[in-house]
Amino acid sequence: MRFSLVLGSLAVAAIALGGCRDNGSSGGGTETDGNETESGGETGEESSDALGPVGLRRLTRYEYDNTLRDILGDSSRPGSQVLPEDPFTPFDNEYGGQEASQPLIEGLESLARDAAQDLRDDPARRDEVVGCTPVGPSDDECMGQFVARFGRRALRRSLSATEVDDYVALGLAYADRESDFYAGMEVIVRALLQDGEMVYRVETGTPVDGEPGVFALGDFEIASRLSYLLWASAPSDALLDAAEAGELRTPEQRQAMARTMLEDPRARAQVDRFHAMWLGYVQLPHSAELTNALRTETSALVEQVIFEDASAWIDLFTATETFIDATLAEHYGLPAGGSEASWVPYGDSGRRGILSHGSFLSVAAGPGDTSPTRRGKWIREQLMCQPIPPPPPDVDADNPPTEIEADCKADQYLIHAEVGACRGCHAQMDPIGFGLEQYDREGRFRTTEPDSPQCSISGDGELVGVAPFNGPAELSGLLVDNSLIQSCVAQQLYRFALGREVEFDDMPLVLEMADELTEGDGRFDTLLATLVAHPAFALRREE
């Protein structure tokens with residue numbers, strides 16, 4: 001019965017609270033005297049070069065779950081069970097496809113209701129979130145402290161005095177009704193978890209003089225950009241404190257903060273997930289045991305190169321050893337380092353780096369076997385940032401025409417690629433895929449086609465316009481030596497940071513980031529630091 005009372009007035013309360021907010025509060029900045037932007041810089045100080053439009057972004061399921069974990073101590077990850085799935089394109093945060101829907105609204109309401117009730121029922125977490133001990137149901141002082149504290153974490157900015165008073169009044173009304181302070185806490189948590197500023201990353205900023213349609217972000221808005229880029233979660237109290245103190249306004253301050261944030265375990269998880277989404281292995285079509293082994297192998301390499309050794313990012317593609325246990329060593333045909341996972345050299349196996357991992361080789365497979373076309377297309381588009389036009393509507397791009405008669409895959413695809421309308425695109429994709437054909441859809445080495453021992457596999461391929469190659473080691477060498485992978489990862493990281501495709505106006509910054517990998521120290525943390533330190537990171541251009 002308690003929740004029937006809450007449901008009847010919660011929507012009205014949320015509307016009332018939304019309508020009474022100060023117009024300037026949503027920008028996340030402190031009050032200004034009119035001579036400075038909310039982010040603290042002189043108006044027009046930041047350059048809008050290398051700045052494409054930025055739209056309204058909703059938290060993904062992954063980000064919502066991380067946010068609940070960090071502001072409520074809730075590690076159950078309920079969003080992944082209730083909210084609609086975010087499509088991987090390859091990233092899950094592209095706002096162009098984030099449409100509001102009835103399942104989304106109902107899911108958010110259900111999540112807020114359950115999370116608030118679970119918090120109330122868990123005294124340890126509840127007391128940590130509230131931050132004070134009430135002396136009774138009507139303790140307005142403790143309620144005010146809780147609202148200011150939790151509201152700041154949930155909305156990622158400081159609440160105005162009016163907002164605090166309104167939420168306190170809402171909480172005390174329910175606390176008095178049930179003679180329980182925590183009934184008021186529960187309804188406040190429930191309302192804030194459904195607030196538009198909780199669910200969406202609202203960026204308003206203030207207009208930049210002489211730059212129509214360009215806005216300087218507020219201090220708290222910059223903090224949120226940093227936090228969701230590096231942690232996929234809400235800003236910490238320390239980051240919010242830095243924002244409130246105006247310590248994120250200059251490139252040097254943002255870069256220093258990013259370096260500090262990269263030391264947090266959440267940054268390691270985020271960097272690992274970025275690579276998993278970009279390279280396509282965030283979801284694998286294997287058993288739980290094999291999937292876990294493959295993901296462990298690749299995560300270990302990402303962590304070693306980027307965090308443990310802090311070496312050049314291209315070492316991901318040129319590594320001469322890999323982290324595997326005895327089962328995966330047998331799977332690959334490599335010597336086992338022991339029953340426990342350990343670093344094992346590739347030797348003369350023809351493997352090198354992340355493109356040799358079963359996690360990557362599992363991507364873009366056909367229904368029953370590898371697909372040279374799908375593999376080649378994936379590498380062209382995701383690793384080289386060279387889009388391939390879609391096939392004509394009447395063409396089955398994954399299978400040779402039915403009139404082709406050939407026993408072996410190589411012959412089938414050769415004839416397929418010679419068909420007039422297919423020739424141009426297949427010439428760009430298939431030779432790359434055939435260069436990886438000696439590795440099946442689980443990353444195992446082979447010399448003949450499955451169920452066709454008469455069909456040998458040479459593993460010879462070609463990066464058309466660059467050079468021929470054989471196997472993942474030689475492909476990695478071509479991509480690295482010709483700076484193809486370095487320029488593409490800069491573009492993909494910027495796409496991930498802004499939640500949309502890279503546009504022409506973005507390219508100066510993308511090229512600057514790519515230069516860090518080819519001409520600078522080549523480290524991925526430096527690439528991130530270059531991005532957050534750029535003036536464009538603290539600006540928004542309206543769509």
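Predicted model: local features only at pLDDT ≥ 70, side-chain atom pairs only at ≥ 80, totals over all residues.
**Exercise 1.** Work out which parts of the chain the salt bridge between Asp92 and Arg273 ties together.

Solution. 
- The closest N and O atoms of Asp92 and Arg273 are 3.0 Å apart, and the cut-off for a salt bridge is 4 Å.
- Asp92 sits in the loop between helix H3 (79-82) and helix H4 (102-120), while Arg273 belongs to helix H13 (residues 265-279), so the pair joins parts 181 residues apart in sequence.
- Asp92 has a relative accessible area of 6% and is buried; Arg273, at 14%, is buried as well.

**Exercise 2.** Locate Arg225 and Glu203 and state whether they are buried or exposed.

Solution. 
- Arg225 forms a salt bridge with Glu203, with 2.8 Å between the closest N and O atoms.
- Arg225 is part of helix H10 (residues 219-230) and Glu203 lies in the loop between strand S2 (200-201) and strand S3 (206-207), so parts 22 residues apart in sequence are tied together.
- Both Arg225 and Glu203 are buried.

**Exercise 3.** Classify each partner of the salt bridge between Asp219 and Arg249 by accessibility.

Solution. 
- The N to O distance in this salt bridge is 3.0 Å.
- Asp219 lies in helix H10, and Arg249 in the loop between helix H11 (237-244) and helix H12 (251-261), so the bridge links parts 30 residues apart in sequence.
- Buried means under 20% relative accessible area. Asp219, at 1%, is buried, whereas Arg249, at 23%, is partly exposed.

**Exercise 4.** Name the residues linked in a network of salt bridges.

Solution. 
- The structure holds 35 salt bridges.
- A network of salt bridges links Arg152 and Arg153 with Asp237, Asp241 and Glu244.

Conventions
Residues numbered from 1 in each chain as written. Heavy atoms only, no water. Salt bridge = Lys/Arg side-chain N within 4 Å of Asp/Glu carboxyl O. Helix = DSSP H or I, 4+ residues; strand = E, 2+ residues; numbered from the N terminus. Buried < 20%, exposed > 50% of the residue type's maximum accessible area, 1.4 Å probe, protein only.
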